[in-house]
Each structure stands twice: as C-alpha cells, then as structure tokens.
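Please consult the sequence and structure shown here while reading.

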Amino acid sequence: MKINNDQLFDEIVLAKEYLQSNWEQWKQEETTRDVIISSEEEWLRLFGHFKENHIAAPNLIKIVEYAFCLPGTSAPVERVFSLMNNA
C-alpha cells in the first residue's frame with residue numbers, strides 16, 4: 001500500500017477541521033434523538049462531505065478501509081486454537 005505522506009497530512013488537516021466544526025452538532029443530534037452515532041457513520045459523513053466538495057482523499061481512504069478490515073477481536077482465532085487443543 002503506497003501512501004503519499006504530504007497528501008495524507010493535507011487530508012488529515014481537512015478531516016480534522018470538518019470533524020471539529022460538526023462535532024457539537026452531531027452530539028446535539030444524539031441527545032435530541034436518543035440515537036448513538038457510530039464511528040462508521042461519522043466516517044461516512046466525512047467522506048460524503050469530501051465527495052460533495054470534490055476533495056480527493058485517496059490516502060486517508062486507504063488507511064480507513066484497511067482499519068475497517070481488521071477484526072475487532074481475536075476471538076475466532078482463539079476458538080480455532082481451543083478446538084485444535086481439544087482434538
């Protein structure tokens with residue numbers, strides 16, 4: 001995976017500015033609607049904003065896609081080892 005560090009820095013700065021400017025509004029929405037906004041939804045909002053405003057973020061997208069591919073826990077692997085030990 002090739003990442004351009006200079007472009008990534010610019011993408012992170014733009015993402016940070018967008019998230020900081022909308023954070024309070026999103027928290028207000030959560031309290032008024034009694035709904036918890038997931039981190040996935042926040043990423044979708046960010047990349048939706050980038051797409052609407054024609055902001056390219058190929059490096060940031062690669063990193064986020066990679067992070068979402070990683071399993072949340074090692075439970076499936078631990079289960080396999082447990083079954084192998086029992087056998």
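## Packing of helix α2

The buried residues of α2 pack against α1 (5-33) and α3 (58-69); contact means heavy atoms within 4.5 Å. Helices (DSSP runs of H or I, at least four residues) are numbered from the N terminus. The model is predicted: local features need pLDDT of at least 70, side-chain atom pairs count only at pLDDT 80 or more, and totals for chains, interfaces and linings use all residues. Residues are numbered from 1 along each chain as its sequence is written, and side-chain values use heavy atoms, leaving out hydrogens and water.

## Faces and length of α2

E42, L46, F47 and F50 are the buried residues of α2, where buried means under 20% relative accessible area and exposed over 50% (1.4 Å probe, protein chains only). Seen down the axis of α2, these residues fall within an arc of 130°, so they line one face of the helix; the arc is taken from the directions from the helix axis to the C-beta atoms. L44, K51 and E52 are exposed on the other side of α2.

Just after α2, H54 takes a positive phi of about 55°.

## The nonpolar core

The largest nonpolar core has ten residues, including L46, F47 and F50. Such a core is a set of buried Ala, Val, Leu, Ile, Met, Phe, Trp, Tyr and Cys residues joined through side-chain atoms within 4.5 Å. At least two residues of this core come from each of α1, α2 and α3, and α1 supplies the largest share, four residues.

F47 touches A57, L60, I61 and V64, not counting residues up to four places away in sequence.
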